[in-house]
Amino acid sequence: MVAIRGAVLERIGAPRPYARSRPLTVTELDLAPPGPGELLVRVEAAGVCHSDLSVVDGNRVRPVPMLLGHEAAGIVEAIGAGVTIAPGQRVVLTFLPRCGQCPACATEGLTPCGPGTAANGAGTLLDGGIRLRRAGQPVFHHLGVSGFATHAVVSAASAVPVPHDVPPSVAALLGCAVLTGGGAVLNVARPVAGQTVAVVGLGGVGMAAVLTVLAHDGVDVIAIDQLPEKLAAASGLGVQRTYTPQQAVDAGVRAPMVIEAVGHPAALQTAIDLTAPGGRTIAVGLPAPDARISLSPLGFVAEGRSLIGSYLGSAVPARDIPKFVALWRAGRLPVQQLVSATITLDDINEAMDRLADGAAVRQVITFGQA
C-alpha cells in the first residue's frame with residue numbers, strides 16, 4: 001500500500017457555500033499497487049471541472065465516499081504486468097477508459113466505450129476493482145482517475161504519454177477540457193477556411209473549443225456567454241465577435257456550426273436558435289438527467305439542420321492528444337491561457353464555489369514532489 005493524500009467527497013448535495021459545508025475532506029488514504037494493465041502515477045496537476053461539481057451538487061449521482069478529480073497529469077512511478085508505458089514517463093489521465101474491444105470502441109470516438117462507461121458509473125477502475133481504502137473501508141474512484149490526490153492508480157487505458165516539455169498544468173487540461181471542447185471542433189465541427197464556429201459557454205471546455213477554432217487558419221469564431229468577464233477573456237484570446245445570449249439572438253447571429261459547452265437547457269436552446277440552415281448544433285455540456293428542452297422538428301427538417309451529441313469531444317485520446325500537443329508546441333494552441341487560478345488541494349471546497357459561481361475557467365491544483 002502507498003499512503004496518499006486526497007480530496008474525498010463524503011456526501012452529495014451539501015448546501016452552498018461549500019467553503020462552509022465542506023462536502024470534500026482532504027484526508028489520508030491507502031492506495032493499492034497497480035494490478036495487471038494498470039499504472040501508479042504521481043499526480044503533478046489536476047484541473048477542477050464541472051464534471052467534479054456535478055457530483056458534489058447531485059446532478060451526477062455517484063457512490064460515495066469518492067475520491068474526486070478526473071482531469072490530471074503526472075509521472076508514472078510503477079506499472080503492472082502487461083503495461084508498456086515506462087516508469088518516469090509523463091502521462092495525461094483521461095476520464096473514459098477505452099477497452100478497445102466493444103462495439104462502441106469500434107466507432108472511433110463517436111460512442112463512449114461500454115465497459116468504460118459502466119466502470120465510471122460504478123466508481124471502479126476498468127476491471128471492476130477498487131484500489132483506494134480509508135481506515136480499511138473502500139473509497140470509490142471518480143471516472144477511473146481520482147486525480148485530486150498525490151497519487152493515483154489507473155488503467156493503462158486511461159493514460160496517454162506526452163513529452164516532458166509539456167508542462168503538467170497543460171498536460172492535465174489536455175485530458176478533459178481540451179479533449180472535450182477541442183475534440184468537438186476537430187472531430188465533429190471540422191471547420192474549413194471561410195466558415196464560422198459559434199461557442200456557447202466559456203468555461204474551460206468552451207474556451208478550449210475557442211482556442212482550437214482559433215488554431216484554424218481562416219475560420220471565424222463567435223464567443224457567447226452571460227458573464228462580461230468571460231467575454232472579455234475571449235476577446236483577450238483574439239476573438240473579435242462576442243455576445244451575451246440575448247445579444248446574439250437580437251443581432252440575428254447564425255453560424256453553420258454551434259458548440260454548446262454549458263450543460264444547461266437554456267444554453268442548448270440558444271445554440272439551436274443560433275444554428276444556420278444546413279448547420280450543426282453540437283452539444284458537449286452535460287445537463288442534469290431530468291433536464292428537458294422543447295423543440296420544433298420543423299426547424300430541423302425544413303432547414304436541414306442537425307443536433308449532435310459529442311461526449312469527450314468524440315475523441316480517441318491516444319489519437320487526438322498528440323494532435324493537441326503538436327498544436328501547443330507550434331504555439332497555435334495556448335492551453336496555458338485556460339488556467340484562471342493555481343490552487344492547492346486544501347482549497348478544493350472554495351474552488352467548487354468559484355466554479356458554481358461561473359467565476360472560473362480552469363482552476364488547477366498543483367502538487368509538490370512526493
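The model is predicted: local features need pLDDT of at least 70, side-chain atom pairs count only at pLDDT 80 or more, and totals for chains, interfaces and linings use all residues. Residues are numbered from 1 along each chain as its sequence is written, and side-chain values use heavy atoms, with hydrogens and water left out.

Ala-45 lies in strand 3 (strands are DSSP runs of E, at least two residues, and helices are runs of H or I, at least four, both numbered from the N terminus). Its C-alpha atom is 5.6 Å from that of Ala-72, a residue 27 places away along the chain. Beyond residues up to four places away in sequence, Ala-45 touches several others, including Ala-72, Pro-168 and Phe-367 (contact means heavy atoms within 4.5 Å).

## Glu-38 in strand 3

Strand 3 covers residues 38–48 and also holds Glu-38. Glu-38 counts as buried because its relative accessibility is 3%.

The side chains of Glu-38 and Arg-131 are joined by a polar contact of 2.8 Å (a pair of N or O atoms within 3.5 Å; within protein, one must be able to donate a hydrogen and the other to accept it, and residues adjacent in sequence count only if both atoms are side-chain atoms). With neighbours within four places in sequence left aside, Glu-38 is in contact with Arg-131 and others, among them Ile-79, Asp-127 and Ser-155.

Note on methods:
Buried means under 20% relative accessible area, exposed over 50%, partly exposed in between (1.4 Å probe, protein chains only).
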